Amino acid sequence: MKKTSKANIAINLFFGLLIIMLITLSGRFVYIQTAGEVQGVDLQDWADRQRTDQTTISARRGHIYDRNKMELAQDLTIYRMYAVVSASFSPNPEKRLNHVEDVEYTAEQLATVLDFDATEIEDILKRGKENDQFQVEFGSKASQLSREQRVKIEEMNLPGIHFIEESKRYYPNGLFASQVIGLAQSNDDNHIAGITGIEAQLDDLLNGEDGFISFQRDKYNTRLLNAEEVIEEKHDGYDVTLTLDQKIQTTLEDAMSQVEEQYDPERITATVIDPRTGEILAMSNRPSYDPNDLGNVENWFNDVVSTPIEPGSTIKAFTLAAAIEEGVYNPQETYQSGSFKIDRIENPITDYRQHWGEITYEEGFQRSSNVAMSKLVWEKLGTDTFLDYLEAFHFDRPTGIDLPREQPGQILYRYPIEQLTASFGQGTTVTPIQMVQAATALANDGQMMKPYVIKEIADPNTGEVIEETTPEVVGQPISKETADQVLKAMESVVTSEVGTAHNIYNLDSYSVAGKTGTAQISGGGDIGYLEGHENYIFSFLGVAPSENPELLMYVTVQQPKISEDESGSDPVSFIFKHVMENSLHYMNIQPDKETEETVSQIDFPDVEGASTDELVSSLNEQGFKPFVVGEGNQVVAANIDHGATVLSTQTLILITDEPTMPDLSGWSLRNVLELANLTGLDVEVIGSGYLTEQSIEVGTSIEEGRYLLAEFSSQRADSREDDESDAG
């Protein structure tokens, strides 16, 4: 009886607990059904999320354009391919395959589009299956596919092959103002962010706001008939238009690349500006980099705005301007050149050449006399007044240009020796952009213009211009009358037989006003200044046309590899002349110099395979006089690239299919090197200037690899010698 009683109690207890559990569960179900949530989680929202597919609609990063709306930076859509290899993704394989089943066939098909061998793809797919992976990826070879590649693969209808859409920043012109435009790259979450230059400066504006599209789907990712689609529109990033001109910038880049290849300098900077507005039309540095290929980047910095240098004698234009403005400059007054000593300095100030004797201040400026500038400051202007002018030209502060990482120079002016050397550009430092800004006052009736590169910012979604830069006068350190006199003095530096720029910086069609510079380079610490023929920063500050400047250009070339009989002005003048002449013609500026013939301009045609006679005849009709190498019937090469803008004043070299050695007498070094490059000659150069002797006889058949000894002699020895007087 006791055992039965205990069994009944156990049974009753079990059923009691069961009833309690059922009541509890029922209550819980009633509560969930009524409240619609569990532990604070809304079940309806949770269910919606489980069956809702949300896809991001990526906003494009804003484009960067030149002043004529040529694209300089843009987003490219690329695709990353992956493959689902797990059979679990195909619950009904008889009806539809959702994963890669036929590995061999899939690999063979993909290999026709991708840079893969079929066996490589097959190995990746097999390893994924063997390791029970859900999906596999294919590395870098399948991570930046084009839309064309994606379409070709999709047309194959390969089960299990999918794509992820991504963005990549692309720069159509490659090595083109790269340190101005800057660099933007995708980060880990596929978001493109600016790193340097304009890309970094305006990163917040260039970035857009992503949108999204969502719809309901089943567990196999198939869209439901009643999908409850929701769309949130994207907002593309703002577009930026720069003041840069693609034609002028390209001309500058080409010239700098040629100088870099020929002279292998440590640094080059060059800036072209409209002095009336402050708009930067071109700006470049060497070393530079191609933002599409970052394999070997030597220099990230924009040296034009970030690297102060001692300017050397280009600063003398501003010393002269101060003396003229103060009424203490008499160009015909004479002084004793050579050296200048005051009792407050240990060593005298000297001219590079000390044989000029008693000359006028006008000639002193033309010859770039350090003594002339020192005497103007110490004996006529006064050091305090000269400092006021240095500050009035803003050499004591940054320009505020709309580019990142501007680092201004420093006026070194504490001791008498520093006050004197500042007059001819030694000790005191400036950045090229400070020099350019100050020089706009000389070229713009005394008004100094703030330089800028951002022309406007626009919203591509509405077409509205949200920000536009207008020219800004930041000072008037001198009067129009003084500016005119300074330009006349600078023009004489080019036209006078004793001028340091005579027969070096002349343009064929336009007058030039300019000032040369040969700045010493500090070795740091106790070393002092570096010694040696090439250990200078050679520079030129020039405008054209001289009476009514349309363009202002400042070029610096540091430590070019030049021989003892070469001048540092050679690489500088090549850049200045090539860019200034071509740019003024491109801008349709009326030449102010009389020329014997009209200057023509064309986009150079594709000459490879063209009939020699027909091509020469066509070029002659357009005002060109090409130099034909050989007697062949067809042209196989030329020294001008297809599509490049070329003037009739330039030398055109056409190589025929039967090349013979021409008479190179009087050819420039550049043209001889172009000929050697086009024909494969192994050339050795002696001297500089113009060719006087060649080792291969005229009319001899040219064979690739043949040795050519080319001897040159300068016809500008006197002017080159005086250029060195500019050191300081």
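This is a predicted model: local features need pLDDT of at least 70, side-chain atom pairs count only at pLDDT 80 or more; totals for chains, interfaces and linings use all residues.
**View 1. The aromatic pair of Y505 and F576.** The rings of Y505 and F576 form an edge-to-face pair, with 6.0 Å from centre to centre and 70° between the planes. The pair links distant parts of the chain, since Y505 sits in the loop between helix 17 (480-495) and strand 23 (513-520), whereas F576 belongs to helix 18 (residues 569-586), 71 residues apart. Y505 has a relative accessibility of 1% and therefore counts as buried.

**View 2. The aromatic cluster of F318, F393 and F395.** These three residues, F318, F393 and F395, form one aromatic cluster. Within it, the ring centres of F318 and F393 are 5.0 Å apart and their planes stand at 70°, so this pair is edge-to-face. F318 lies in helix 11 (residues 316-325) and F393 in the loop between helix 14 (383-392) and helix 15 (416-421), so that distant parts of the chain, 75 residues apart, are linked. Both F318 and F393 are buried.

**View 3. The salt bridge between K141 and E120.** The side chains of K141 and E120 meet in a salt bridge with an N to O distance of 3.9 Å. Because K141 lies in the loop between strand 6 (135-137) and helix 5 (147-154) while E120 lies in helix 4 (residues 118-130), the pair ties together parts that are 21 residues apart in sequence. K141 is partly exposed at 38% relative accessibility, and E120 is likewise partly exposed, with a relative accessible area of 30%.

**View 4. The salt bridge between R286 and E253.** Here the side chains of R286 and E253 meet at 2.9 Å, N to O, and the pair links distant parts of the chain, with R286 in strand 14 (residues 280-286) and E253 in helix 9 (residues 246-263), 33 residues apart. Both R286 and E253 are buried.

**View 5. The salt bridge between E279 and K455.** The closest N and O atoms of E279 and K455 are 3.1 Å apart in this salt bridge. E279 lies in the loop between strand 13 (267-273) and strand 14, and K455 in strand 20 (residues 454-459), 176 residues apart. E279 is buried, with a relative accessible area of 7%, whereas K455 counts as partly exposed at 26% relative accessibility.

**View 6. A nonpolar patch on the surface.** I11, F14, F15, L18, I19, L22 and I23 form this patch, which has about 680 Å² of accessible area together. I23 belongs to helix 1 (residues 2-35) and is exposed, with a relative accessible area of 55%.

Methods:
Residues are numbered from 1 along each chain as its sequence is written. Side-chain values use heavy atoms; hydrogens and water are left out. Rings of Phe, Tyr and Trp (its six-membered ring) pair if their centres lie within 6.5 Å; planes under 30 degrees apart count as stacked, over 60 as edge-to-face and the rest as tilted. Helices (H or I, at least four residues) and strands (E, at least two) are DSSP runs, numbered from the N terminus. Buried means under 20% relative accessible area, exposed over 50%, partly exposed in between (1.4 Å probe, protein chains only). Patches are made of residues with over 30% relative accessible area and no salt bridge: like charges are joined within 9 Å, nonpolar side chains (Val, Leu, Ile, Met, Phe, Trp, Tyr) within 5 Å. Accessible areas come from the Shrake-Rupley method with a 1.4 Å probe; for residues, only the protein chains shown count as cover. A salt bridge is a side-chain nitrogen of Lys or Arg within 4 Å of a carboxyl oxygen of Asp or Glu.
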